[in-house]
Amino acid sequence: MPRSPVALIIALSATLFAAFALNSGASLQSSLLALRASAEGFAPVYTGIIMASYYIGFVAGIIWGASLVNRVGHIRTFAALASAASAITLLHAVLVDPITWSLFRIMTGLCVSGLYLVIESWLNAQADNTSRGGTIAIYMTVSLGGLAIGQLLLNGAPVSSFELFTVASVLLSLSLVPLALTRQPPPSAVSGERMTFRRLYKISPLGFVAASGAGVLSGAVYGVGPVFAADLGLATNEIAYFMFFVILGGMIMQFPIGKISDMVPRQYVMIFVLTGLAICGFFPLVAPDLVRENLTVWGGITGVFIMPVYGLAVAYVNDYLEPEDIVPASGGLLIIYGGSAAFGPILGSSAIGYFGPWALPVLFSIVGICVASFATYRAGFGRRISIEEQGQFVAVPRTTPMAFELSPITDDISLNDEDDSKEPDNETKPMDPHDLQDVLTPDGTAHPDDIGQVPPADSDSTTDPNADKKM
(Lines give C-alpha, C1' and ligand atoms only; values in the text may rest on other atoms or scores of the structure.)
Protein backbone atom coordinates (compact mmCIF):
# COMPACT_ATOMS: atom_id res chain seq x y z
CA MET A 1 0.00 0.00 0.00
CA PRO A 2 1.42 3.46 -0.89
CA ARG A 3 2.44 5.60 2.07
CA SER A 4 0.60 8.87 2.72
CA PRO A 5 2.49 12.10 1.96
CA VAL A 6 2.88 12.82 5.69
CA ALA A 7 4.25 9.34 6.42
CA LEU A 8 6.57 9.62 3.42
CA ILE A 9 7.93 12.98 4.58
CA ILE A 10 8.55 11.61 8.08
CA ALA A 11 10.35 8.56 6.69
CA LEU A 12 12.54 10.75 4.46
CA SER A 13 12.93 13.63 6.94
CA ALA A 14 16.67 13.21 7.54
CA THR A 15 17.51 13.11 3.84
CA LEU A 16 15.11 15.93 2.98
CA PHE A 17 16.57 18.18 5.69
CA ALA A 18 20.04 17.54 4.26
CA ALA A 19 18.77 18.47 0.78
CA PHE A 20 17.09 21.65 2.04
CA ALA A 21 20.15 22.83 3.96
CA LEU A 22 22.46 22.04 1.05
CA ASN A 23 20.34 23.89 -1.51
CA SER A 24 19.83 26.88 0.78
CA GLY A 25 23.54 27.23 1.48
CA ALA A 26 24.59 26.73 -2.15
CA SER A 27 21.94 29.19 -3.40
CA LEU A 28 22.95 31.87 -0.89
CA GLN A 29 26.62 31.43 -1.72
CA SER A 30 26.03 31.74 -5.47
CA SER A 31 24.13 35.06 -5.36
CA LEU A 32 26.37 36.41 -2.60
CA LEU A 33 29.52 35.83 -4.67
CA ALA A 34 28.00 37.45 -7.77
CA LEU A 35 27.06 40.57 -5.81
CA ARG A 36 30.29 40.64 -3.80
CA ALA A 37 32.40 40.33 -6.98
CA SER A 38 30.58 43.33 -8.43
CA ALA A 39 31.01 45.28 -5.17
CA GLU A 40 34.75 44.47 -5.12
CA GLY A 41 35.10 46.05 -8.57
CA PHE A 42 35.86 42.87 -10.52
CA ALA A 43 35.43 43.30 -14.26
CA PRO A 44 32.18 41.73 -15.56
CA VAL A 45 34.07 39.08 -17.49
CA TYR A 46 35.90 38.02 -14.30
CA THR A 47 32.59 37.75 -12.49
CA GLY A 48 31.35 35.53 -15.32
CA ILE A 49 34.41 33.29 -15.13
CA ILE A 50 34.05 32.96 -11.35
CA MET A 51 30.39 31.93 -11.63
CA ALA A 52 31.08 29.64 -14.61
CA SER A 53 33.81 27.79 -12.72
CA TYR A 54 31.20 26.22 -10.46
CA TYR A 55 29.77 24.24 -13.37
CA ILE A 56 33.20 22.91 -14.32
CA GLY A 57 33.48 21.34 -10.88
CA PHE A 58 29.87 20.19 -11.01
CA VAL A 59 30.45 18.28 -14.25
CA ALA A 60 33.61 16.75 -12.75
CA GLY A 61 31.50 15.54 -9.83
CA ILE A 62 29.03 13.89 -12.19
CA ILE A 63 31.90 12.08 -13.94
CA TRP A 64 33.91 10.97 -10.89
CA GLY A 65 31.45 11.16 -8.01
CA ALA A 66 30.21 7.58 -8.33
CA SER A 67 33.71 6.10 -8.09
CA LEU A 68 34.44 8.17 -4.95
CA VAL A 69 31.23 7.07 -3.23
CA ASN A 70 31.80 3.41 -4.12
CA ARG A 71 35.38 3.56 -2.86
CA VAL A 72 34.92 5.17 0.58
CA GLY A 73 31.18 4.89 1.25
CA HIS A 74 28.22 7.26 1.36
CA ILE A 75 28.58 8.70 4.87
CA ARG A 76 32.33 9.29 4.63
CA THR A 77 31.95 10.90 1.22
CA PHE A 78 29.19 13.20 2.46
CA ALA A 79 31.13 14.14 5.60
CA ALA A 80 34.29 14.95 3.67
CA LEU A 81 32.57 16.94 0.91
CA ALA A 82 30.24 18.87 3.25
CA SER A 83 33.17 19.84 5.49
CA ALA A 84 35.26 20.89 2.51
CA ALA A 85 32.41 22.94 0.98
CA SER A 86 31.78 24.66 4.32
CA ALA A 87 35.45 25.57 4.75
CA ILE A 88 35.77 26.81 1.17
CA THR A 89 32.77 29.10 1.68
CA LEU A 90 34.53 30.85 4.57
CA LEU A 91 37.76 31.14 2.60
CA HIS A 92 36.00 33.31 0.01
CA ALA A 93 35.76 36.07 2.61
CA VAL A 94 39.43 35.73 3.55
CA LEU A 95 41.08 35.53 0.10
CA VAL A 96 39.33 38.02 -2.17
CA ASP A 97 40.82 37.50 -5.61
CA PRO A 98 39.23 36.53 -8.97
CA ILE A 99 41.59 33.64 -9.68
CA THR A 100 41.35 32.26 -6.14
CA TRP A 101 37.57 32.54 -6.20
CA SER A 102 37.45 30.69 -9.53
CA LEU A 103 39.43 27.81 -8.04
CA PHE A 104 37.18 27.84 -4.97
CA ARG A 105 34.10 27.70 -7.20
CA ILE A 106 35.45 24.67 -9.06
CA MET A 107 35.99 22.89 -5.75
CA THR A 108 32.53 23.95 -4.54
CA GLY A 109 30.88 22.58 -7.67
CA LEU A 110 32.71 19.27 -7.24
CA CYS A 111 31.66 19.03 -3.58
CA VAL A 112 28.01 19.96 -4.20
CA SER A 113 27.71 17.48 -7.06
CA GLY A 114 29.02 14.68 -4.84
CA LEU A 115 26.67 15.71 -2.01
CA TYR A 116 23.69 15.59 -4.38
CA LEU A 117 24.78 12.11 -5.47
CA VAL A 118 24.78 10.81 -1.89
CA ILE A 119 21.42 12.39 -1.05
CA GLU A 120 19.70 11.08 -4.16
CA SER A 121 21.13 7.59 -3.86
CA TRP A 122 19.87 7.54 -0.26
CA LEU A 123 16.40 8.65 -1.36
CA ASN A 124 16.42 6.03 -4.10
CA ALA A 125 17.24 3.31 -1.55
CA GLN A 126 14.35 4.44 0.68
CA ALA A 127 11.76 4.60 -2.09
CA ASP A 128 9.88 1.69 -3.64
CA ASN A 129 7.78 1.42 -6.77
CA THR A 130 4.66 2.59 -4.92
CA SER A 131 6.28 5.74 -3.53
CA ARG A 132 8.67 6.90 -6.26
CA GLY A 133 6.26 9.48 -7.65
CA GLY A 134 5.64 10.99 -4.22
CA THR A 135 9.33 10.88 -3.30
CA ILE A 136 10.52 12.72 -6.40
CA ALA A 137 7.73 15.32 -6.04
CA ILE A 138 8.59 16.01 -2.40
CA TYR A 139 12.32 16.11 -3.17
CA MET A 140 11.76 18.58 -6.03
CA THR A 141 9.65 20.81 -3.79
CA VAL A 142 12.20 20.76 -0.97
CA SER A 143 15.11 21.39 -3.35
CA LEU A 144 13.50 24.34 -5.13
CA GLY A 145 12.25 25.66 -1.81
CA GLY A 146 15.80 25.59 -0.49
CA LEU A 147 17.07 27.44 -3.57
CA ALA A 148 14.39 30.10 -3.14
CA ILE A 149 14.92 30.53 0.61
CA GLY A 150 18.66 30.85 0.03
CA GLN A 151 17.97 33.96 -2.04
CA LEU A 152 15.92 35.56 0.74
CA LEU A 153 18.78 35.03 3.19
CA LEU A 154 20.64 37.79 1.34
CA ASN A 155 18.56 40.16 3.47
CA GLY A 156 20.26 38.91 6.64
CA ALA A 157 23.36 41.12 6.47
CA PRO A 158 25.24 43.50 4.13
CA VAL A 159 26.87 41.85 1.12
CA SER A 160 30.22 43.39 2.06
CA SER A 161 30.22 41.77 5.51
CA PHE A 162 31.49 38.39 6.70
CA GLU A 163 28.16 37.25 8.16
CA LEU A 164 26.51 35.92 4.99
CA PHE A 165 29.51 33.73 4.22
CA THR A 166 29.18 32.36 7.75
CA VAL A 167 25.47 31.63 7.25
CA ALA A 168 26.15 29.78 3.98
CA SER A 169 28.94 27.80 5.66
CA VAL A 170 26.70 26.87 8.60
CA LEU A 171 23.95 25.62 6.28
CA LEU A 172 26.39 23.41 4.39
CA SER A 173 27.68 22.02 7.67
CA LEU A 174 24.15 21.38 8.97
CA SER A 175 23.37 19.28 5.90
CA LEU A 176 25.84 16.73 7.28
CA VAL A 177 24.14 16.24 10.66
CA PRO A 178 21.05 14.15 9.75
CA LEU A 179 22.88 11.74 7.45
CA ALA A 180 25.76 11.32 9.90
CA LEU A 181 23.31 10.33 12.65
CA THR A 182 20.80 8.34 10.61
CA ARG A 183 20.13 4.71 11.51
CA GLN A 184 19.19 3.90 7.93
CA PRO A 185 21.62 1.48 6.28
CA PRO A 186 23.71 3.08 3.53
CA PRO A 187 22.62 2.46 -0.06
CA SER A 188 24.26 -0.02 -2.39
CA ALA A 189 26.92 0.86 -4.95
CA VAL A 190 26.22 3.77 -7.28
CA SER A 191 26.23 3.26 -11.03
CA GLY A 192 28.43 5.60 -13.05
CA GLU A 193 27.19 4.48 -16.48
CA ARG A 194 26.67 7.25 -19.03
CA MET A 195 25.55 7.40 -22.64
CA THR A 196 27.96 8.93 -25.17
CA PHE A 197 27.24 12.35 -26.66
CA ARG A 198 27.30 10.92 -30.17
CA ARG A 199 24.62 8.37 -29.37
CA LEU A 200 22.51 10.96 -27.54
CA TYR A 201 22.59 13.30 -30.52
CA LYS A 202 21.76 10.45 -32.88
CA ILE A 203 18.77 9.45 -30.75
CA SER A 204 17.41 13.00 -30.43
CA PRO A 205 19.17 16.00 -31.97
CA LEU A 206 16.48 18.32 -30.58
CA GLY A 207 16.81 16.95 -27.05
CA PHE A 208 20.58 17.42 -27.25
CA VAL A 209 20.30 21.03 -28.44
CA ALA A 210 17.50 21.89 -26.00
CA ALA A 211 19.51 20.55 -23.04
CA SER A 212 22.44 22.73 -24.16
CA GLY A 213 20.20 25.79 -24.43
CA ALA A 214 18.72 25.09 -21.00
CA GLY A 215 22.23 24.99 -19.54
CA VAL A 216 23.14 28.40 -20.99
CA LEU A 217 19.89 29.90 -19.68
CA SER A 218 20.22 28.47 -16.16
CA GLY A 219 23.89 29.41 -15.90
CA ALA A 220 23.10 32.98 -16.92
CA VAL A 221 20.15 33.29 -14.52
CA TYR A 222 21.86 31.93 -11.42
CA GLY A 223 25.30 33.33 -12.22
CA VAL A 224 24.49 36.81 -13.50
CA GLY A 225 20.87 37.42 -12.45
CA PRO A 226 21.86 39.19 -9.20
CA VAL A 227 24.39 41.38 -11.07
CA PHE A 228 21.71 42.25 -13.66
CA ALA A 229 19.33 43.40 -10.91
CA ALA A 230 22.08 45.33 -9.10
CA ASP A 231 23.03 47.19 -12.30
CA LEU A 232 19.40 48.30 -12.60
CA GLY A 233 19.78 50.00 -9.23
CA LEU A 234 17.96 47.51 -7.00
CA ALA A 235 18.89 47.26 -3.35
CA THR A 236 20.03 43.94 -1.89
CA ASN A 237 16.60 43.07 -0.49
CA GLU A 238 15.00 43.80 -3.88
CA ILE A 239 17.59 41.61 -5.61
CA ALA A 240 16.75 38.81 -3.19
CA TYR A 241 13.05 39.08 -4.00
CA PHE A 242 13.77 39.24 -7.73
CA MET A 243 15.75 35.99 -7.67
CA PHE A 244 13.18 34.42 -5.33
CA PHE A 245 10.37 35.08 -7.82
CA VAL A 246 12.42 33.80 -10.77
CA ILE A 247 12.82 30.45 -8.98
CA LEU A 248 9.25 30.50 -7.68
CA GLY A 249 7.80 31.07 -11.16
CA GLY A 250 9.63 28.06 -12.55
CA MET A 251 8.74 26.00 -9.48
CA ILE A 252 5.00 26.67 -9.77
CA MET A 253 4.60 26.24 -13.52
CA GLN A 254 7.07 23.44 -14.27
CA PHE A 255 4.60 20.67 -13.42
CA PRO A 256 1.57 22.13 -15.30
CA ILE A 257 3.67 22.72 -18.41
CA GLY A 258 5.01 19.17 -18.15
CA LYS A 259 1.49 17.77 -17.90
CA ILE A 260 0.43 19.72 -20.97
CA SER A 261 3.35 18.17 -22.82
CA ASP A 262 1.90 14.72 -22.01
CA MET A 263 -1.35 15.63 -23.80
CA VAL A 264 0.01 17.33 -26.93
CA PRO A 265 3.20 16.72 -28.93
CA ARG A 266 6.07 17.66 -26.63
CA GLN A 267 7.96 19.35 -29.43
CA TYR A 268 5.19 21.94 -29.87
CA VAL A 269 5.11 22.69 -26.14
CA MET A 270 8.86 23.26 -26.25
CA ILE A 271 8.47 25.68 -29.18
CA PHE A 272 5.71 27.55 -27.34
CA VAL A 273 7.78 27.89 -24.15
CA LEU A 274 10.86 29.09 -26.02
CA THR A 275 8.81 31.57 -28.03
CA GLY A 276 7.35 32.92 -24.80
CA LEU A 277 10.88 33.30 -23.45
CA ALA A 278 11.92 35.23 -26.57
CA ILE A 279 8.99 37.63 -26.10
CA CYS A 280 9.84 38.12 -22.41
CA GLY A 281 13.44 38.83 -23.31
CA PHE A 282 12.65 41.51 -25.89
CA PHE A 283 9.86 43.14 -23.87
CA PRO A 284 12.25 45.23 -21.69
CA LEU A 285 13.55 46.90 -24.86
CA VAL A 286 10.01 47.99 -25.71
CA ALA A 287 8.94 49.07 -22.21
CA PRO A 288 12.05 49.39 -20.02
CA ASP A 289 10.41 51.64 -17.42
CA LEU A 290 7.45 49.30 -17.00
CA VAL A 291 9.75 46.30 -16.50
CA ARG A 292 12.01 48.17 -14.10
CA GLU A 293 9.04 49.13 -11.93
CA ASN A 294 7.71 45.55 -11.93
CA LEU A 295 10.97 43.63 -12.12
CA THR A 296 9.93 40.85 -9.72
CA VAL A 297 6.79 40.17 -11.79
CA TRP A 298 8.83 40.12 -14.99
CA GLY A 299 11.36 37.83 -13.30
CA GLY A 300 8.64 35.40 -12.23
CA ILE A 301 7.18 35.24 -15.76
CA THR A 302 10.65 34.75 -17.23
CA GLY A 303 11.30 31.94 -14.77
CA VAL A 304 8.11 30.26 -15.98
CA PHE A 305 9.63 29.98 -19.46
CA ILE A 306 13.25 29.21 -18.46
CA MET A 307 12.93 26.52 -15.78
CA PRO A 308 10.86 23.90 -17.71
CA VAL A 309 13.14 23.81 -20.79
CA TYR A 310 15.51 21.18 -19.42
CA GLY A 311 12.68 18.99 -18.13
CA LEU A 312 10.99 19.11 -21.55
CA ALA A 313 14.29 18.23 -23.25
CA VAL A 314 14.80 15.21 -20.97
CA ALA A 315 11.22 14.01 -21.44
CA TYR A 316 11.56 14.40 -25.21
CA VAL A 317 14.73 12.28 -25.25
CA ASN A 318 13.13 9.67 -22.97
CA ASP A 319 10.29 9.23 -25.48
CA TYR A 320 12.84 7.64 -27.83
CA LEU A 321 14.57 5.44 -25.24
CA GLU A 322 14.04 2.02 -23.77
CA PRO A 323 13.56 2.10 -19.97
CA GLU A 324 17.00 0.63 -19.29
CA ASP A 325 18.64 3.48 -21.25
CA ILE A 326 17.00 6.34 -19.33
CA VAL A 327 19.49 6.53 -16.44
CA PRO A 328 22.63 6.30 -18.65
CA ALA A 329 21.13 8.93 -20.97
CA SER A 330 20.48 11.21 -18.00
CA GLY A 331 24.18 11.14 -17.14
CA GLY A 332 25.08 12.30 -20.64
CA LEU A 333 22.37 14.98 -20.66
CA LEU A 334 23.51 16.35 -17.31
CA ILE A 335 27.08 16.69 -18.56
CA ILE A 336 25.78 18.51 -21.65
CA TYR A 337 23.66 20.74 -19.43
CA GLY A 338 26.49 21.46 -16.98
CA GLY A 339 29.05 22.10 -19.70
CA SER A 340 26.69 24.52 -21.45
CA ALA A 341 25.82 26.20 -18.15
CA ALA A 342 29.49 27.16 -17.78
CA PHE A 343 29.05 29.43 -20.83
CA GLY A 344 25.96 31.14 -19.43
CA PRO A 345 27.65 33.38 -16.83
CA ILE A 346 30.47 34.29 -19.23
CA LEU A 347 28.09 35.24 -22.04
CA GLY A 348 25.73 37.03 -19.66
CA SER A 349 28.38 39.04 -17.84
CA SER A 350 30.12 39.96 -21.09
CA ALA A 351 26.83 41.12 -22.61
CA ILE A 352 26.08 43.27 -19.54
CA GLY A 353 29.61 44.68 -19.57
CA TYR A 354 29.43 45.76 -23.22
CA PHE A 355 25.78 46.67 -23.71
CA GLY A 356 24.31 47.26 -20.26
CA PRO A 357 21.93 45.25 -18.07
CA TRP A 358 19.15 44.87 -20.64
CA ALA A 359 21.52 42.74 -22.72
CA LEU A 360 20.88 39.78 -20.40
CA PRO A 361 17.16 39.48 -21.33
CA VAL A 362 18.20 39.81 -24.98
CA LEU A 363 20.56 36.87 -24.48
CA PHE A 364 17.58 34.86 -23.18
CA SER A 365 15.67 35.78 -26.33
CA ILE A 366 18.50 34.81 -28.64
CA VAL A 367 18.87 31.39 -26.99
CA GLY A 368 15.09 30.88 -27.09
CA ILE A 369 14.84 31.80 -30.77
CA CYS A 370 17.78 29.57 -31.74
CA VAL A 371 16.45 26.48 -29.96
CA ALA A 372 12.84 27.12 -31.10
CA SER A 373 14.04 27.50 -34.71
CA PHE A 374 15.93 24.22 -34.49
CA ALA A 375 12.85 22.54 -33.02
CA THR A 376 10.75 23.84 -35.91
CA TYR A 377 13.38 22.68 -38.42
CA ARG A 378 13.49 19.21 -36.85
CA ALA A 379 9.69 18.88 -37.01
CA GLY A 380 9.91 17.30 -40.45
CA PHE A 381 12.69 14.82 -39.64
CA GLY A 382 12.92 11.51 -37.85
CA ARG A 383 10.26 9.22 -36.45
CA ARG A 384 7.20 10.99 -35.08
CA ILE A 385 6.16 10.01 -31.57
CA SER A 386 2.40 9.81 -31.13
CA ILE A 387 0.65 11.02 -27.98
CA GLU A 388 0.07 7.39 -26.97
CA GLU A 389 3.79 6.61 -27.33
CA GLN A 390 4.94 9.60 -25.28
CA GLY A 391 6.14 8.77 -21.80
CA GLN A 392 5.07 10.51 -18.61
CA PHE A 393 6.65 13.89 -17.84
CA VAL A 394 8.39 13.87 -14.48
CA ALA A 395 10.11 16.98 -13.16
CA VAL A 396 13.56 15.83 -12.08
CA PRO A 397 16.28 17.99 -10.47
CA ARG A 398 19.26 18.90 -12.63
CA THR A 399 21.68 17.35 -10.19
CA THR A 400 22.89 13.77 -10.76
CA PRO A 401 21.72 10.69 -12.71
CA MET A 402 20.57 9.15 -9.41
CA ALA A 403 17.62 11.55 -9.46
CA PHE A 404 16.36 9.76 -12.57
CA GLU A 405 16.38 6.43 -10.76
CA LEU A 406 13.88 7.99 -8.36
CA SER A 407 11.56 8.72 -11.27
CA PRO A 408 8.53 6.44 -11.77
CA ILE A 409 9.39 6.20 -15.47
CA THR A 410 12.22 3.80 -14.58
CA ASP A 411 9.93 1.31 -12.82
CA ASP A 412 9.90 -0.85 -15.95
CA ILE A 413 13.61 -1.47 -15.48
CA SER A 414 13.15 -3.28 -12.18
CA LEU A 415 10.20 -5.21 -13.57
CA ASN A 416 12.25 -6.38 -16.54
CA ASP A 417 15.09 -7.39 -14.23
CA GLU A 418 12.69 -9.49 -12.17
CA ASP A 419 11.39 -11.21 -15.28
CA ASP A 420 14.90 -11.93 -16.50
CA SER A 421 15.88 -13.41 -13.14
CA LYS A 422 13.20 -16.10 -13.26
CA GLU A 423 14.45 -19.58 -14.14
CA PRO A 424 13.04 -20.93 -17.40
CA ASP A 425 10.72 -23.93 -17.29
CA ASN A 426 12.31 -27.36 -17.56
CA GLU A 427 10.57 -27.90 -20.89
CA THR A 428 12.22 -24.86 -22.45
CA LYS A 429 15.54 -24.77 -20.57
CA PRO A 430 18.37 -25.23 -23.10
CA MET A 431 20.50 -28.34 -22.79
CA ASP A 432 24.17 -27.98 -22.00
CA PRO A 433 26.17 -29.61 -24.84
CA HIS A 434 28.38 -31.38 -22.25
CA ASP A 435 25.32 -33.19 -20.90
CA LEU A 436 24.36 -34.54 -24.32
CA GLN A 437 26.18 -37.85 -23.82
CA ASP A 438 24.13 -38.54 -20.69
CA VAL A 439 20.86 -38.65 -22.60
CA LEU A 440 21.89 -40.60 -25.68
CA THR A 441 21.11 -44.27 -26.15
CA PRO A 442 24.11 -46.63 -26.14
CA ASP A 443 24.28 -46.60 -29.92
CA GLY A 444 24.04 -42.81 -30.02
CA THR A 445 20.89 -42.78 -32.13
CA ALA A 446 18.55 -40.70 -29.89
CA HIS A 447 16.41 -38.26 -31.83
CA PRO A 448 16.77 -34.60 -30.79
CA ASP A 449 13.10 -34.56 -29.75
CA ASP A 450 13.84 -37.39 -27.29
CA ILE A 451 16.56 -35.44 -25.44
CA GLY A 452 15.55 -35.34 -21.83
CA GLN A 453 13.21 -38.34 -22.25
CA VAL A 454 15.75 -41.10 -22.88
CA PRO A 455 17.24 -42.63 -19.71
CA PRO A 456 20.98 -42.16 -19.16
CA ALA A 457 23.30 -44.75 -20.66
CA ASP A 458 24.59 -45.99 -17.28
CA SER A 459 21.13 -46.86 -15.93
CA ASP A 460 19.99 -50.48 -15.72
CA SER A 461 17.16 -49.96 -18.18
CA THR A 462 19.51 -49.22 -21.04
CA THR A 463 21.06 -52.64 -20.80
CA ASP A 464 17.77 -54.28 -21.68
CA PRO A 465 16.74 -53.76 -25.31
CA ASN A 466 13.10 -54.40 -24.30
CA ALA A 467 13.16 -51.87 -21.47
CA ASP A 468 10.82 -49.51 -23.31
CA LYS A 469 8.22 -52.29 -23.74
CA LYS A 470 8.31 -53.21 -20.05
CA MET A 471 7.58 -49.63 -18.90
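User: Why is Ile 369 called partly exposed?

Analyst: In this predicted model, Ile 369 has a relative accessible area of 38%, and since buried means under 20%, exposed over 50% and partly exposed in between, with a 1.4 Å probe and protein chains only, Ile 369 is therefore partly exposed. Local features need pLDDT of at least 70, side-chain atom pairs count only at pLDDT 80 or more, and totals for chains, interfaces and linings use all residues. Residues are numbered from 1 along each chain as its sequence is written, and side-chain values use heavy atoms, leaving out hydrogens and water.

User: Why does His 74 count as buried?

Analyst: The relative accessibility of His 74 is 6%, which falls under the 20% limit, so His 74 counts as buried. His 74 belongs to helix H4, residues 74–94, where a helix is a DSSP run of H or I with at least four residues, numbered from the N terminus.

User: Why does Asp 319 count as buried, and what joins its side chain to that of Arg 266?

Analyst: Asp 319, in the loop between helix H15 (308–318) and helix H16 (326–341), has 10% relative accessibility and therefore counts as buried. The side chains of Asp 319 and Arg 266 are joined by a polar contact of 3.0 Å, a term for a pair of N or O atoms within 3.5 Å, of which, within protein, one must be able to donate a hydrogen and the other to accept it, while residues adjacent in sequence count only if both atoms are side-chain atoms.

Definitions and conventions
Helices (H or I, at least four residues) and strands (E, at least two) are DSSP runs, numbered from the N terminus.
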